[in-house]
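Trainee: Please put up the model, and I will ask about it piece by piece.

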Amino acid sequence: MNAIELNHIHKSFGGFAIQDLSLTVPSGTICGLVGENGAGKSTTIRLALGALRPDSGAAAVLGTDVSSPAFTGVKEDVGVVLDEAYFPETLNALQVGKILASTYRQWEQGTYESYLDRFSLPVRKPFKDFSRGMKMKLAITAALSHRPKLLVLDEATSGLDPIVRDEVLEIFNEFTREEDHSILISSHIVSDLEKLCDYIAFLHQGRLLFCQEKDRLLEDYGVFVGTAEQAQSLLPEAVVGREARDYGGVRALVKRGMVPETLALERPTVEEIILFIVKGENRR
């Protein structure tokens, strides 16, 4: 069973549209959703959770159509952290826990308190006095404390300092050690996703340009660095995107399988692959 299945989703908002989006997150994996501001990442997440109805297409989570009445029961198995944390401002972390304990049938108070301690969150400080980072850590704590099988995270590491971000990524890794646990996470911090994810999905202007295993993605592409004359020897269809460098040099993302093995290529990062693909799209 797949954790998330989006099949040929279309959704229009005035001048913007999600176009024919098909995306699968296999059970037991972590999928990173990448894209520029306004690419449609948050919209995709809302469609996957049934918070938005598509104009056409279908979405399923944990094997259940999100538009069906049965999805109400499945929501118990989904932990969600959006780009802003929403708790009553006057409540402290202990009071938030009491409310959530009466909301979720599978609430684990011990797990909640353990994460509060692990994140060094103050238990009696009002939520309104939390920093953005503290608010996000409380939201992550809540999402992990009702035995979810799927975490859906929209910019969940935003506002966290690098040390805490690294700790949060380790917690997400721990979560998916259970073979039926899965994560869909969007982030502007592509290096975090490269470190964490099994799959990378890239949205650009409402279109999914690729969704591929991260390791395969890094194997399929290479970075050529050389002169403009050397670049001319490359097959045009092998070059995904390029940029000029000082003194007539060229740096280009190429498809490894379409260039001679004798040509030395650098290993790209996921961020470089994405940036070069966008440059190639913009030249069309």
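Predicted model: local features only at pLDDT ≥ 70, side-chain atom pairs only at ≥ 80, totals over all residues.

Trainee: Which residues of α1 are buried?

Mentor: Buried means under 20% relative accessible area. In α1 that applies to Lys-41, Thr-43, Thr-44, Ile-45, Leu-47 and Ala-48.

Trainee: Which residue just after α1 takes a positive phi?

Mentor: The phi in question is about 80°. The residue with that value, just after α1, is Gly-50.

Trainee: What is the phi of His-8, and where is the residue found?

Mentor: His-8 is not a glycine, yet its phi is positive, at about 50°. Its relative accessible area is 49%, so His-8 counts as partly exposed. As for the place, His-8 is found in strand β1 (residues 2-13).

Trainee: Is Leu-62 buried or exposed?

Mentor: Leu-62 sits in the loop between β4 (56-61) and β5 (64-65). Its phi is positive, near 50°, in a residue other than glycine. The relative accessible area of Leu-62 is 13%, and the cut-off for buried is under 20%, so the residue is buried.

Trainee: How are α3 and α4 oriented to each other?

Mentor: Two packed helices are described by the angle between their axes and the distance between the axes. The axes of helix α3 (residues 93-101) and α4 come within 11 Å and cross at roughly 155°. Angles over 145 degrees count as roughly antiparallel. That makes α3, relative to α4, roughly antiparallel.

Trainee: Which residues of α3 and α4 meet, and how do they divide by class?

Mentor: The crossing of α3 and α4 is right-handed. From α3 come Ala-93, Val-96, Gly-97 and Ala-101, which meet Gln-109, Tyr-112 and Leu-116 in α4. By class, the contact of α3 with α4 has 5 nonpolar, 2 polar and no charged residues.

Trainee: What angle do α4 and α5 make, and how far apart are their axes?

Mentor: Helix α4 (residues 109-118) packs with helix α5 (residues 132-144) at an angle of about 155°. Because of that angle, α4 is roughly antiparallel to α5. The axes of the two helices are 9 Å apart.

Trainee: What is the handedness of the crossing of α4 and α5, and what is the make-up of the contact?

Mentor: α4 passes α5 in a right-handed crossing. On the α4 side the contact is made by Thr-111, Tyr-112, Tyr-115 and Leu-116, and on the α5 side by Leu-138, Thr-141, Ala-142 and Leu-144. These residues divide into 6 nonpolar, 2 polar and no charged.

Trainee: Which residues does Asp-192 touch?

Mentor: Asp-192 lies in helix α7 (residues 190-196). With a relative accessible area of 4%, Asp-192 is buried. Not counting residues up to four places away in sequence, Asp-192 touches Thr-157, Arg-165 and Leu-169.

Trainee: How many residues does each domain give to the contact between domain 1 and domain 2?

Mentor: The domain assignment gives domain 1 (2-205) and domain 2 (217-283). Their C-alpha centres lie 34 Å apart. The contact takes 6 residues from domain 1 and, from domain 2, 10 residues.

Key: Residues numbered from 1 in each chain as written. Heavy atoms only, no water. Axes fitted to C-alpha atoms, helices over the stretch in contact; angles between N-to-C directions. Helix = DSSP H or I, 4+ residues; strand = E, 2+ residues; numbered from the N terminus. Parallel < 35°, antiparallel > 145°, perpendicular 65-115°, else oblique. Left-handed = near helix turned anticlockwise from the far one by under 90°. Contact = heavy atoms within 4.5 Å. Nonpolar A, V, L, I, M, F, W, Y, C, P; charged D, E, K, R; others polar. Buried < 20%, exposed > 50% of the residue type's maximum accessible area, 1.4 Å probe, protein only. Domains from an automatic or database assignment.
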